[in-house]
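Here are a few exercises to work through with the structure open beside you. Try each one yourself before reading the solution.

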Amino acid sequence: MFETCAEPIYRFSIIDYIVMSAYLTMLVSIGFIMKKLCSDVKDYFIGGNRVSWQLAGASCFMGSFSAWTFTGAAGFAYKYGILIMLLFLFNSISFIFTGFFIAAKCRQTRKVTYLQIIYDRFGRVTEQFFAYVQVPLMLFSGAIWLVGLAMFVSVSFGLPMDLTIIISGAIVIIYSTLGGSWGVLASAFLQGLILVVLTTVIAILVLIKTGGIGPFVAKLEPAKLNFFGSEHSKFWALAYFAQIFFMFCSITGAPRFLSVRDGKSAAKSCFFAAGLFLVGIFVWFIPPLAANIYFPNIEKILPSLSHPQDAAYILMGLEVLPHGLAGLLIMIMFAATISSMDVAMNQNAAILCLNIYKPLLRPKASEKEMFLVAHVFNVFLGIVVVILSLVFAHQKQMSLFELMLFLSGSICLPIVIPLLFVYWIKKAPRWSALASSITGCIFSILTKNHGVLSVPHKWATNILNDTGFFKLDPASEWPFTFQISGIILLSGGIFLVSTLFWKRLPKDQKDSIEQFYTIMNSPIDLEKENVQPQDHRQFAVTGRLAVIVGLGIILLALPSATTTQRLATIITGALIGIGGIFMYKLGKKDAIKLSQTKNKIQPTYVSQK
């Protein structure tokens with residue numbers, strides 16, 4: 001029934017299995033604990049606007065990558081070198097820009113889904129268009145992330161890839177459905193803490209194994225130390241940055257910020273995520289680069305994989321980690337993918353519930369009915385993701401990195417361009433976003449190989465080749481750089497041109513649009529809008545769990561084989577425990593503040609005679 005993988009590359013001990021079982025138990029426990037906070041649809045999808053900026057920032061960080069980072073992106077690092085670090089730096093830059101100029105605006109729309117924002121600004125037709133386009137796109141993204149996770153597990157255990165996808169998918173579905181966004185958000189800080197600490201320890205152990213930074217760099221091929229090469233020029237990197245920038249900063253990223261209390265908290269969550277990314281880019285890609293040294297013929301080690309370079313991080317991580325931490329490595333891949341799958345499942349379920357089911361099918365649906373439907377949609381979408389993952393796992397044309405690049409560049413980009421301009425360009429008619437996105441999608445389709453624009457492409461590439469600045473194949477599809485540039489110029493141009501029609505709009509449409517921007521630019525009044533804090537409960541739960549995890553990891557040092565492994569285990573556990581103590585104390589401090597606020601002496605009223 002299943003295509004079997006090669007022999008496992010690592011023999012897990014009983015300690016590893018204990019660690020994995022304990023970690024999965026902890027995740028389910030968080031789901032049950034946070035389930036108590038989900039009393040309605042708003043709680044289930046965005047945490048009732050009560051999530052602290054620290055947890056929201058960790059969720060932004062964890063939700064912006066998945067096991068794909070340690071498979072597809074790591075495979076890119078193995079093959080092309082340090083360019084991947086520059087590409088991930090673009091994520092951090094985009095988060096910083098969003099924190100300064102966008103995050104507060106998102107929160108101040110006061111919505112539950114980003115499609116509700118689109119409806120208020122562009123109307124029902126545009127909202128429905130984006131709903132029917134974005135839901136499949138996010139499902140495809142979730143499928144790619146799940147394939148990355150399944151590859152990680154499959155290679156580690158030697159399990160069949162298909163079976164691994166089904167098992168991994170089932171675990172993710174159960175966890176995300178049980179606690180909704182509260183479960184994902186509340187555990188994001190803990191899982192982010194474990195991930196950052198463990199990946200940093202892996203990077204250090206890899207450098208120790210290679211003899212230090214100097215010998216590590218000296219052993220790498222010179223080509224791997226160059227940011228740019230024949231396949232990826234400066235223009236290619238610039239196009240990649242433009243794509244990432246539009247996708248990170250558009251309204252589609254609004255769910256990251258709708259869960260926090262106010263605009264300031266949304267901005268802080270962005271800066272926190274940006275800082276975590278800066279740490280990550282300097283430690284995540286040392287192991288796959290080192291895999292070039294220790295596993296130069298990786299295709300012979302993993303002959304059953306379509307793209308064996310995607311397993312480079314797994315090979316190096318399991319090579320240097322002691323028992324116990326190796327099992328924890330598998331679990332943080334679950335952590336990364338669970339947070340990302342929240343986008344494909346929980347947020348998609350929110351769209352189906354609040355933008356399709358209720359307004360079009362059941363306008364009078366009760367809160368109880370919507371709460372039940374939300375759970376049903378979450379499970380259904382999870383099953384769809386698993387099925388798509390099984391399809392993607394068997395395609396051999398593109399690696400995971402190339403598959404994600406195709407999805408984001410050719411399909412997602414035309415959709416998000418007008419959803420970035422909307423923050424600042426007010427005087428555009430309701431149809432502007434629809435016209436902009438459709439134009440970009442048509443251009444993207446026509447510029448694929450054998451498309452209608454292939455003839456002009458051949459003519460243009462011949463001229464550019466004559467200049468000596470480019471070396472392009474006229475027989476191939478449009479280069480990535482030209483595709484991205486064309487999509488941005490055409491989609492953006494159509495949106496800007498639409499502003500010429502502003503004066504022709506009826507007054508009621510103009511007033512409605514003006515009201516949208518008035519609301520979006522108005523800060524949240526916590527007292528008037530009855531936004532109640534829950535920071536102390538979130539911090540208490542995550543802090544205690546982090547301390548327990550830290551102590552458990554320290555105990556794993558006892559059976560370690562070498563002093564280096566023992567020291568690495570103790571440091572990992574200590575850092576996680578310290579982070580837990582910090583969170584717990586922060587929770588107690590916030591609880592005291594909240595108690596003092598509630599117990600303030602009420603004003604004394606003097607009776608009038």
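**Exercise 1.** Work out how Glu 127 and Arg 124 are linked, and where they sit.

*Solution.* Start with the side chains: those of Glu 127 and Arg 124 meet in a salt bridge, 2.9 Å from N to O. Keep in mind that this is a predicted model. Next, look at the positions: both residues belong to helix 8 (residues 124-157), and because they are 3 residues apart there, about one helical turn separates them. Now check the surroundings. Glu 127 has 1% relative accessibility, so it counts as buried, while Arg 124, at 31%, counts as partly exposed.

**Exercise 2.** Is Lys 224 buried or exposed, and what does it touch?

*Solution.* First find Lys 224 in the loop between helix 10 (213-219) and helix 11 (234-249). Buried means under 20% relative accessible area; Lys 224 has 7%, so it is buried. Leaving out residues up to four places away in sequence, Lys 224 touches Tyr 78, Lys 79, Tyr 80, Gly 81, Ile 82 and Asn 292. Zoom in on Tyr 78: its backbone oxygen lies 3.4 Å from a polar atom of the Lys 224 side chain.

**Exercise 3.** Asn 292, one of the residues Lys 224 touches, is also one of the buried residues of helix 13. Describe how helix 13 packs against helix 15.

*Solution.* Take the geometry to begin with: helix 13 (residues 286-294) and helix 15 (residues 312-320) pack at about 80°, and their axes are 8 Å apart. That angle makes helix 13 roughly perpendicular to helix 15. Then list who makes the contact: Pro 287, Pro 288, Ala 290, Ala 291 and Tyr 294 from helix 13, with Ala 312, Tyr 313 and Met 316 from helix 15. Sort these residues by type and you get 8 nonpolar, no polar and no charged. Finally, see how covered helix 13 is: 7 of its 9 residues are buried.

Technical notes. Residues numbered from 1 in each chain as written. Predicted model: local features only at pLDDT ≥ 70, side-chain atom pairs only at ≥ 80, totals over all residues. Heavy atoms only, no water. Axes fitted to C-alpha atoms, helices over the stretch in contact; angles between N-to-C directions. Helix = DSSP H or I, 4+ residues; strand = E, 2+ residues; numbered from the N terminus. Parallel < 35°, antiparallel > 145°, perpendicular 65-115°, else oblique. Contact = heavy atoms within 4.5 Å. Nonpolar A, V, L, I, M, F, W, Y, C, P; charged D, E, K, R; others polar. Buried < 20%, exposed > 50% of the residue type's maximum accessible area, 1.4 Å probe, protein only. Polar contact = N/O pair within 3.5 Å; in protein donor to acceptor, adjacent residues only side chain to side chain. Salt bridge = Lys/Arg side-chain N within 4 Å of Asp/Glu carboxyl O.
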